[in-house]
Amino acid sequence: MHTKVTPIDSYPKYWAECYGTAPFLPTSRKEMDALGWDSCDIIIVTGDAYVDHPSFGMAVIGRLLESQGFRVGIIAQPKWDNKEDFMALGKPNLYFGITSGNMDSMINRYTADRKLRKDDAYTPNNEGGKRPDRAVLVYSQRCREAYKEAPIVLGGIEASLRRLAHYDYWSDKVRRSVLMDAKADILLFGNAERALVEVSHRIANGEDIKSLTDIAGTAVMIKDIPERYQEIDSSRIEKPGRPMVMQNPYATEETCASNKEEKEKQPQVIHVRPSRHDAENTVVRLPSYEKLANDRILYAHASRVMHLETNPYSGRALVQKHADRELWINRAPIPLSTEEMDFVFGLPFARVPHPSYGKAKIPAYDMIKTSVNIMRGCFGGCSFCSITEHEGRIIQNRSQESILNELEDIRDKVPGFTGTISDLGGPTANMYRLGCSDTRAEANCRRPSCIFPKICEKLNTDHKHLIDLYRNARNVKGIKKIMIASGVRYDLAVESPEYVRELVTHHVGGYLKIAPEHTEKGTLDLMMKPGMGTYDRFKSMFEQYSQEAGKKQYLIPYFISAHPGSTDDDMLNLALWLKQNDYQCDQVQNFYPSPMCNATAMYHSETNPLKKVKYKGREDLFVAKGERQRRLHKALLRYHDPLNWPLIRDALTTMGKKYLIGNRPNCLVPEAGSEAEMTPAERRGSGRHGSKRFATKNPNQPDIRTDGKRPQGNRNGKPQPNGSRNSNTTKAGATGNRGGSNNTSTSGNRNGKPAQPNSRPTNRNGKPGSQRPNGKPTRSRSGA
């Protein structure tokens with residue numbers, strides 16, 4: 001049923017393979033001369049520092065192209081005020097590859113409140129300001145100025161999530177496709193290895209880049225739709241404004257039986273209702289950029305249709321008019337096979353930053369240098385997360401052998417390795433080798449999530465492969481401890497108690513990060529997250545197995561403030577739940593609308609694109625947009641901070657809930673005047689009393705008292721020997737958007753060092769570590 005594709009390691013090598021493998025891809029003419037190169041075939045321009053590690057996109061792409069025989073150079077974090085740095089390696093023989101880096105440049109540079117950040121985890125010494133706003137556009141312009149005829153290929157997370165007309169939070173308007181604004185030749189989206197290899201070889205074989213319009217996982221600007229395609233308007237799939245029930249052309253059915261016993265005896269038969277329009281020869285026309293720019297309801301409709309056409313096997317191509325040009329979005333890229341994933345991660349990475357950085361510290365590298373990416377993709381489909389839009393729903397797995405080989409590579413190559421692996425994970429910790437049990441159903445499915453509103457009956461949730469991987473990884477010589485820092489999808493974990501026991505017994509270093517995100521069903525439904533009953537089940541299992549292991553361990557829950565659909569009452573109920581359960585969260589961030597994800601469409605349109613979008617009788621959503629409203633939602637999650645009490649008191653009074661103000665146990669904040677009992681240092685929020693000093697208070701771990709008096713414990717804010725306190729802060733890491741929502745950062749590790757990658761922490765300034773727009777560090781973000 002699945003489409004046949006050419007394996008990425010089976011192309012004939014380009015003639016330049018005779019130069020062999022470079023210890024580092026060259027970043028200067030001097031390094032090119034040392035390798036005997038007179039020119040580069042491909043030059044990658046990136047907004048990140050060059051770290052030759054498989055968690056950095058430019059390294060993955062550079063080493064992959066090198067394996068195809070091409071000479072690849074890197075221009076990392078160039079000065080963008082003129083073209084000089086862009087000419088450092090000369091004119092590329094084939095093309096420039098442009099990427100903003102592992103993060104969208106706007107999320108990298110601005111907070112959820114649109115304030116400029118002063119640091120950058122992907123830059124030596126954490127120095128901010130080393131990349132421009134909208135880096136893909138600026139870099140493309142400078143490359144054009146440097147060498148007008150050189151083709152330009154866009155890739156990476158920023159290009160991938162901006163491939164269509166999209167709502168841009170920072171300008172508060174719908175912007176055109178980044179491909180058109182950058183005036184580039186082609187855009188690669190998603191995990192781009194397959195498309196990149198094909199594009200490179202076809203250009204090397206003499207084809208004009210303008211003719212490469214048929215490659216899956218690419219977007220191009222064209223004048224007219226190819227003749228072989230039949231066009232269908234998106235309104236024929238779901239017409240905004242007219243209530244009608246359309247058959248789902250990709251739905252699957254099962255045979256029914258009169259009773260449970262008969263049903264179990266009968267084999268499952270999948271009746272696939274194929275689309276009346278062949279995906280190979282049909283294109284869906286989305287509303288034009290000009291229409292979307294002035295119609296927020298139509299924007300929600302277009303976003304919904306786009307999300308319905310993301311299946312790489314049955315999704316259709318999309319076309320969208322921008323002025324007098326057509327933006328052509330080919331079908332999503334076919335996921336890499338296990339053999340191809342092993343090939344990519346087996347490339348000869350040096351696993352360290354380029355020597356030119358000397359002893360400078362690159363925080364993103366420090367956080368992921370001993371972590372291992374075991375898979376890609378996510379079938380969770382959380383509406384605030386852009387991982388699915390970038391990497392897809394189908395999980396791409398590495399083999400166990402490949403993963404164990406990388407552990408040995410870390411042991412042998414990483415300077416100062418102490419025997420601790422910081423993470424075995426990916427976008428989530430526990431989707432390794434999980435997926436649809438029926439390939440035909442998988443190839444025709446349009447569900448945005450395999451686990452919401454409940455786990456699909458066809459989803460394999462057996463964690464046996466992951467359990468086996470953990471056990472064998474612990475037996476690798478020289479490996480003393482393996483932590484799991486990626487977020488655990490606990491609604492899947494509870495389906496495998498043996499996995500929870502394995503995780504809790506061997507791979508939790510005192511604290512485990514999970515993400516309920518909210519407590520209220522209405523908001524959770526909009527997030528496409530499970531209810532709190534599932535959290536309670538996991539918590540019970542976690543505590544049981546921790547006790548059996550003789551360990552004091554704590555869950556660190558993450559929550560999102562100001563998510564679309566979350567009202568003041570919803571946030572208040574979440575705050576009351578936190579107080580009831582004795583949690584105190586610091587370093588809180590509001591929802592961050594990253595390009596393309598469903599929650600961003602909710603934010604802009606103030607309606608629900610998860611349902612049929614209508615002009616009349618539609619479901620209007622409350623969206624916290626004003627500064628005061630967003631500050632209130634943020635403050636409610638930090639109800640324990642005296643600096644937030646005046647704002648919360650005003651809100652409770654307005655909401656008619658003054659009974660929650662006072663010193664009674666059921667009150668959220670004390671009466672006015674309690675601040676007077678604070679010391680001057682506490683009022684200033686400085687020193688050990690600073691809000692950034694305490695990252696989380698867990699149940700039974702007294703940290704900050706809600707009465708405004710001094711916290712009890714040792715004076716330097718460090719954890720007690722018995723683990724009774726967690727007063728650490730978290731920093732940004734290095735793999736996306738879960739790329740785009742913003743959550744509360746509730747903890748670092750015990751010793752106050754940065755939390756590990758994929759743990760969705762924010763840094764001291766509230767900066768997301770990557771692209772889950774909530775700040776998930778990006779692992780190997782593939783794309784030029």
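Author: Cys 382 counts as buried, at 7% relative accessibility. Buried means under 20% relative accessible area, exposed means over 50%, and partly exposed covers what lies in between, with a 1.4 Å probe and protein chains only. The model is predicted, so local features need pLDDT of at least 70 and side-chain atom pairs count only at pLDDT 80 or more, while totals for chains, interfaces and linings use all residues. Residues are numbered from 1 along each chain as its sequence is written, and side-chain values use heavy atoms, with hydrogens and water left out.

Cys 382 sits in the loop between strand 16 (375–376) and helix 14 (387–391). Helices (H or I, at least four residues) and strands (E, at least two) are DSSP runs, numbered from the N terminus. The loop between strand 16 and helix 14 also holds Cys 385, which is buried at 5% relative accessibility. An unreviewed UniProt entry places the feature "binding site" at Cys 378, Cys 382 and Cys 385. UniProt positions are given in the numbering used here, feature names are shortened, and annotations may be inferred rather than shown by experiment.

Next, the disulfides. A disulfide is a pair of cysteine sulfur atoms within 2.5 Å, and by this rule the count is zero. Cys 436 is in no disulfide: the nearest cysteine sulfur belongs to Cys 456 and is 6.2 Å away. Cys 436 is partly exposed, with 28% relative accessibility. Cys 18 is exposed, with a relative accessible area of 60%.

The charged pairs come next. Side chains of opposite charge can pair when their charged atoms come close. A salt bridge is a side-chain nitrogen of Lys or Arg within 4 Å of a carboxyl oxygen of Asp or Glu, and this rule gives 42 salt bridges. One of them joins Arg 351 and Glu 406, at 3.0 Å from N to O. Arg 351 lies in the loop between helix 12 (338–345) and helix 13 (363–368), and Glu 406 in helix 15 (residues 400–413), so this pair ties together parts that are 55 residues apart in sequence. Arg 351 is buried, with a relative accessible area of 2%, and Glu 406 is buried too, at 4%.

A salt bridge also joins Arg 175 and Asp 181, at 3.8 Å from N to O. Here Arg 175 is buried at 17% relative accessibility, whereas Asp 181 is partly exposed at 22%. Asp 620 and Arg 618 form a salt bridge at 2.9 Å, N to O. Asp 620 is exposed, with a relative accessible area of 52%, and Arg 618 is partly exposed at 25%. Salt bridges that share partners also link Asp 104, Arg 134, Arg 162 and Asp 168 into one network.

Helix 7 (residues 193–204) has twelve residues, and its first and last C-alpha atoms are 16 Å apart, close to the 16 Å expected at 1.5 Å a residue. The expected span is 1.5 Å times one less than the number of residues. Ten of the twelve residues are buried, so helix 7 is mostly covered. Among the buried residues are Glu 193, Arg 194, His 201 and Arg 202, as well as Leu 196, Val 197 and Ile 203. Just after helix 7, Gly 206 takes a positive phi of about 100 degrees.
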